[in-house]
Amino acid sequence: MHVAVLGAGTMGHGIAQVSAMAGHDVTLRDVDEDVVGEGVDAIDENLRGGVERGKVTPEEREAALARITGTTDLAEAVSEADLVVEAVPEDVELKRDVLGEAEDAAPADAVLASNTSSLPVTEIAAALDAPERFVGLHFFNPVHIMALVEVVVAEQTSDETLDFAAEFVDGIEKTPVEVADSPGFASSRLGVSLGVEAMRMLQEGVASPRDVDQAMELGYNHPMGPVELGDVVGLDVRLDILEHLRDELGERFRPPQILKRKVRAGKLGKKTGEGFYVWEDGERVGVSGDWGDDA
């Protein structure tokens, strides 16, 4: 199978990596040549780490990298694709535009998918000429580690497209969970509910970020606490999802002021070096000083 991934950022290059590791030919496309190169470099670094940990053989690494081609040309990226997965920023109009352009250039039987974490896939599909060939494929970060993929069914998604998507997810050794197109799907809705309550606790001075996280890690066996997870995902992404869910589902998803303050200050988490934690070289090294009821 040929997989085209549109967007070479964190999610896009992760999807490209697992697809190539599963034996698919992959074209990774972004609008900026430097971003494409950074995406391919990130895949190489991840695979080198896998070799060092004994999870990937040197031969598997070389074979996966050989299956990946980078480009800035969208038409070229999708021209032979069996599956097109967009992983561009969370903006409905942007996703509709990118997927519409991809539909025009891709083979007539190609399946189109969005990696959106919360936007309505039925609305995205409505912009396509053949919306029955569209489905949501919500991967989780980091893609090469996380086992879950939400298969989000738009109102227009055909049974054949749904079966194709589930088989693809199985084939890349992930677990597909089928969900209806509803605000936040299953994972984002539940995940941000926990995350927003954790942030409210910080705002009220109930406990420190690390204590809140350890309560969930040790008490509920979560691999990562909700505050740290917010930093990893990106606090700007968390804010966007909360604002969308508030519009759709009501005030229980109102973003707390502490989150808005962080985003306004450009403290977006791991990707900027500071959120609720301080980060260096991708590792958590301390707690940010501005949290709590006296922040």
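Strands β1 and β4 run parallel to each other in this predicted model. Four numbers place them: β1 covers residues 2-6 and β4 covers residues 83-86. The two strands are joined over 4 bridges. Within this pairing, L6 stands opposite E86 of β4.

Both strands belong to an open sheet of 8 strands. The order across the sheet is β3-β2-β1-β4-β5-β6-β7-β8. The pairing is mixed. Which strands form the edges? They are β3 and β8, and each pairs on one side only. From one strand to the next, the twist averages 25 degrees.

A helix packs on this sheet: α2, residues 33-52. Helix α2 touches β2 and β3. The direction of α2 makes about 135 degrees with that of β2.

Here are elements of the sheet and its helix, with their residue ranges.

| Element | Residues |
|---|---|
| Strand β1 | residues 2-6 |
| Strand β2 | residues 25-29 |
| Helix α2 | residues 33-52 |
| Strand β3 | residues 68-71 |
| Strand β4 | residues 83-86 |
| Strand β8 | residues 175-180 |

Now the aromatic side chains. A pair of aromatic rings is described by the distance of the centres and the angle of the planes. The count here comes to 1 aromatic pair. The ring centres of Y277 and W279 lie 6.5 Å apart, and their planes stand at 80 degrees, so the pair is edge-to-face. Are Y277 and W279 buried or exposed? Both residues are buried. Y277 also has a charged neighbour: R284 lies over the face of its ring, at 5.4 Å from the ring centre.

Terms used: Residues numbered from 1 in each chain as written. Predicted model: local features only at pLDDT ≥ 70, side-chain atom pairs only at ≥ 80, totals over all residues. Heavy atoms only, no water. Phe/Tyr/Trp six-rings, centres within 6.5 Å; stacked < 30°, edge-to-face > 60°. Buried < 20%, exposed > 50% of the residue type's maximum accessible area, 1.4 Å probe, protein only. Lys NZ or Arg CZ within 6 Å of the ring centre and 35° of its normal. Pairing = 2+ DSSP bridges. Axes fitted to C-alpha atoms, helices over the stretch in contact; angles between N-to-C directions. Contact = heavy atoms within 4.5 Å.
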